[in-house]
Amino acid sequence: MQPTPLWFPYAQMKSLPDPLRVESAHGTHIHLEGGRDLIDAVSSWWCVIHGYNHPHLNAALREQLDRVAHVMLGGLSHEPARRLADRLVELTPAGLNHVFYSDSGSVGVEVALKMAVQFWRNQGLDAKTTFLALKKAYHGDTWMAMSVCDPDDGMHALFKGTLREQLFLDSPRGGFDADADTLEPDIAVLRKTLERHSDTLAAFIVEPILQAAGGFHVYSPAYLREARRLCDEYDVLLVFDEVATGFGRTGTLFAAEHADVTPDIMILGKGLTAGYSGHAATLATDRVFDAFLGDNASTALMHGPTFMGNPLACAVALAGLELFEQEDRLGQVARIESILKEELLGLSAPGIEGVRVIGACGAVEASDPAVYKGLQSFAVERDVWLRPFDRNVYTMPPYIIEEDDLRRITGVIRDWFTGKRT
Ligand SMILES: *Cc1c(COP(=O)(O)O)cnc(C)c1O
């Protein structure tokens, strides 16, 4: 690519091919300058859950635009922010009654981590500042969020030594349906770690059920139920990062529902605003919230991003939640899951280590990332936009995807591995 002022993410700018130029997008399709049309297999990093240019979302945004595009949430409030907070409290697991907004998933995670530390500090427990997390975890690109990502195999491994050192456990084994015997060693290690470090641990943070960007690892709801019980026993907060899993991706509106567990703190992002703008929400229970109450500002939550509660973001998020009812989103996710299972689960070819399907997410893991060299252009030639990363190629399509388009995506993945590359 010729040098340009535009610096692209996660890319070696010296060798980056000229990125495809997008003119517009509708539904599941991205239209390129020059007339090509691609099926988006990855929902623009998983956020465009209702498809591009949805008339209901566009209308909500236009209507709000004519009222007010932005106003600070410091000392002012507005109806979209209040109504969205009410809706999120209604829809998320029972007990999450308080909503703090921010402008991206990473910042939502920062807020959660800060909230956990200050929760203990406000009670005089200043030593509880460390976090427990899982290997294969990904929680964002900002500094403290990076510290709870997998420190060895994650994409921030090169910053090791500069980040705050946290505690890590192996990802739970055995997949979604793991039996008790398979899970027992992982639960035993969790128990021992909480027991040994409860004096210094502020919280255990996990992506519930599906660890997404760290490798598409799926694990059992039973592990989350045990984590809830043990965190209560050892007085450590439990934080669910549902930035990727929230809003239907794993088949239920929130992944926490698979386990019927309420975390102390939960983070939402990505699908929250359906790709229309950056926004996130960090929800907390009464117990967490109440620890910030006091007679002066010294115990108040010390955070406040400029764009928190942005009215356009809140209005589009509310309209997106309406679509879950009007257009049967969870029914569509169930249909996607059954097609992905049919198309991908039986796939076996040299180089494939494993295949995982949950909800509207299907991932194939290879033993060597080199196997994907050339896959992106192979897919584009077949009118599909895929972005393999590390050892995985995956699809997380918009929930409105038509069956033919979905089978076209899985066809590209299958053909790549089975050698039908002509
Ligand atoms: C994407 C992601 C984040 C970070 O969200 P950004 O909006 O990119 O900052 C955090 N946690 C999880 C689980 C994610 O998938």
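Predicted model: local features only at pLDDT ≥ 70, side-chain atom pairs only at ≥ 80, totals over all residues.
**Figure 1. The shell around the ligand.** The residues surrounding the ligand are W46, S104, G105, S106, Y138, H139, G140, E207, D241, V243, A244 and K270. By class, this shell consists of 4 nonpolar, 5 polar and 3 charged residues.

**Figure 2. A nonpolar surface patch at Y10, W45 and M155.** Together these three residues present about 330 Å² of accessible area in a nonpolar patch on the surface. W45 belongs to helix α1, which spans residues 43-46. The relative accessibility of W45 is 42%, so this residue counts as partly exposed.

**Figure 3. T193 and the backbone of V189.** T193 is part of helix α6, residues 180-197. A polar atom of the T193 side chain lies 2.7 Å from the backbone oxygen of V189. T193 counts as buried because its relative accessible area is 13%, below the limit of 20%.

**Figure 4. The salt bridge between D152 and K160.** The closest N and O atoms of this pair are 2.6 Å apart. D152 is partly exposed at 40% relative accessibility, whereas K160 is exposed, with a relative accessible area of 54%. The structure holds 28 salt bridges.

**Figure 5. Salt bridges of R407.** R407 pairs with E342 through a salt bridge whose closest N and O atoms are 2.9 Å apart. This pair connects distant parts of the chain, as R407 sits in helix α13 (residues 403-418) and E342 in helix α11, 65 residues apart. E342 is exposed at 54% relative accessibility, while R407 is partly exposed, with a relative accessible area of 25%. R407 also forms a salt bridge with E403, and here the closest N and O atoms are 2.8 Å apart. R407 and E403 are 4 residues apart in helix α13, so about one helical turn separates them. E403 is partly exposed, with a relative accessible area of 33%.

**Figure 6. Two aspartates with positive phi.** Most residues other than glycine have a negative phi. D235 is not a glycine, yet its phi is positive, at about 55°. D235 occupies the loop between α7 (221-233) and β10 (237-241), and is partly exposed at a relative accessible area of 41%. D390 likewise has a positive phi, near 55°. The loop that holds D390 runs between β15 (384-385) and β16 (392-395).

**Figure 7. The loop position of G351.** G351 is located in the loop between α11 (329-344) and β13 (352-358). With 33% relative accessibility, G351 counts as partly exposed. From C-alpha to C-alpha, G351 and P3 are 36 Å apart in space, with a sequence separation of 348 residues.

Terms used. Residues numbered from 1 in each chain as written. Heavy atoms only, no water. Near = heavy atom within 4 Å. Nonpolar A, V, L, I, M, F, W, Y, C, P; charged D, E, K, R; others polar. Patch = residues over 30% accessible without salt bridge, like charges linked within 9 Å, V, L, I, M, F, W, Y side chains within 5 Å. Areas by Shrake-Rupley, 256 points an atom, 1.4 Å probe, with all protein chains shown as cover. Salt bridge = Lys/Arg side-chain N within 4 Å of Asp/Glu carboxyl O. Buried < 20%, exposed > 50% of the residue type's maximum accessible area, 1.4 Å probe, protein only. Polar contact = N/O pair within 3.5 Å; in protein donor to acceptor, adjacent residues only side chain to side chain.
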